[in-house]
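The model is shown first.

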Amino acid sequence: MSHGAFRASLPGHADVPMCQFGNAYIWHSSMSIDCDGQTTARCSHSAAGDTFAPDTAVHQSDGRPFNAATTPYVVLPRPDNATWSYRGAGIRPGDVAAVIYNGRVVYAVFADVGPRQQIGEASYATAAALGIAPDPSNGGTHDDVTYILFPHTRPSPVESHDRAARNGRAAATRLASGHPRVSGAAELRTTVR
């Protein structure tokens, strides 16, 4: 679906295409840690340095930024890029992604935007739930992580992980049921909180 490819990290090679399967968008990348949002003991200027921002592109239902230390979320590239735009794909802020690593799945909402040419970033809480080192300074993984984003799955309230997981599991089941030979279909039916 993309016009070219994204980079898994900056600097880095542009070798991560955005693909579409059914109504879902899929990419394979590494994972960098995003700690943006509410200031906590795990996510702050002192913990993350200059990479920390006290806001997220999407806000919770109470108007506050997300809490990266407690809420699983993913980061998408800013939409004003020539490679692929989430807006053009019909994805809304808050839609749910299944993030898969080593046979474990966590459902996370799309809550922040990052650099135009980078993809493969998720919150501290997402990494921790998958067994990936969540430290914002030296955590993450260079191993392959699979991200499957489902349009029209925003939970209400958007910060509810239980509802995000419910919406994500339902979307994953529909995708896997419609395509029983999909690699990873069994993992899609599993959830890690």
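## Aromatic pairs

Four aromatic pairs turn up when the whole structure is searched. Rings of Phe, Tyr and Trp (its six-membered ring) are taken as a pair if their centres lie within 6.5 Å; planes under 30 degrees apart count as stacked, over 60 as edge-to-face and the rest as tilted. One of the pairs is stacked: Trp-27 and Tyr-147, at 5.2 Å centre to centre with 5 degrees between the planes. This pair links distant parts of the chain, with Trp-27 in strand β4 (residues 24–34) and Tyr-147 in strand β9 (residues 141–150), 120 residues apart. Helices (H or I, at least four residues) and strands (E, at least two) are DSSP runs, numbered from the N terminus. Both Trp-27 and Tyr-147 are buried; buried means under 20% relative accessible area, exposed over 50%, and partly exposed in between (1.4 Å probe, protein chains only).

Tyr-86 and Phe-110 form an edge-to-face pair, 4.8 Å centre to centre and with 70 degrees between the planes. Tyr-86 lies in the loop between β5 (73–77) and β6 (96–101), and Phe-110 in strand β7 (residues 104–114), so the pair ties together parts that are 24 residues apart in sequence. Tyr-86 counts as buried because its relative accessibility is 6%, and Phe-110 counts as buried at 1%.

## Basis of the model

This is a predicted model, in which local features need pLDDT of at least 70 and side-chain atom pairs count only at pLDDT 80 or more, while totals for chains, interfaces and linings use all residues. Residues are numbered from 1 along each chain as its sequence is written, and side-chain values use heavy atoms, with hydrogens and water left out.

How many of the residues of β5 are buried? Five of the five are, so β5 is largely enclosed by the rest of the structure. In a regular strand the side chains alternate between the two faces of the sheet. In β5, Tyr-73, Val-75 and Pro-77 point one way, whereas Val-74 and Leu-76 point the other way.

β5 and β7 run parallel and are joined by five bridges; two strands pair if DSSP finds at least two bridges between them. With strand β8 (residues 121–123), β5 pairs in the antiparallel sense over two bridges. Ala-122 is the bridge partner of Val-74 in β8.

## Salt bridges

Side chains of opposite charge can pair when their charged atoms come close. The structure contains four salt bridges, each defined as a side-chain nitrogen of Lys or Arg within 4 Å of a carboxyl oxygen of Asp or Glu. Asp-62 and Arg-64 form one of them, at 4.0 Å from N to O. Asp-62 is partly exposed at 45% relative accessibility, and Arg-64 is partly exposed at 43%. Another joins Asp-80 to Arg-78, with an N to O distance of 2.8 Å. Here too the residues are partly exposed: Asp-80 at 41% and Arg-78 at 33%.

A further salt bridge connects Asp-95 and Arg-92 at 3.9 Å, N to O. Asp-95 is buried, with a relative accessible area of 0%, whereas Arg-92 is partly exposed at 40%. Elsewhere, salt bridges that share partners join Arg-78, Asp-80 and Arg-116 into one network.
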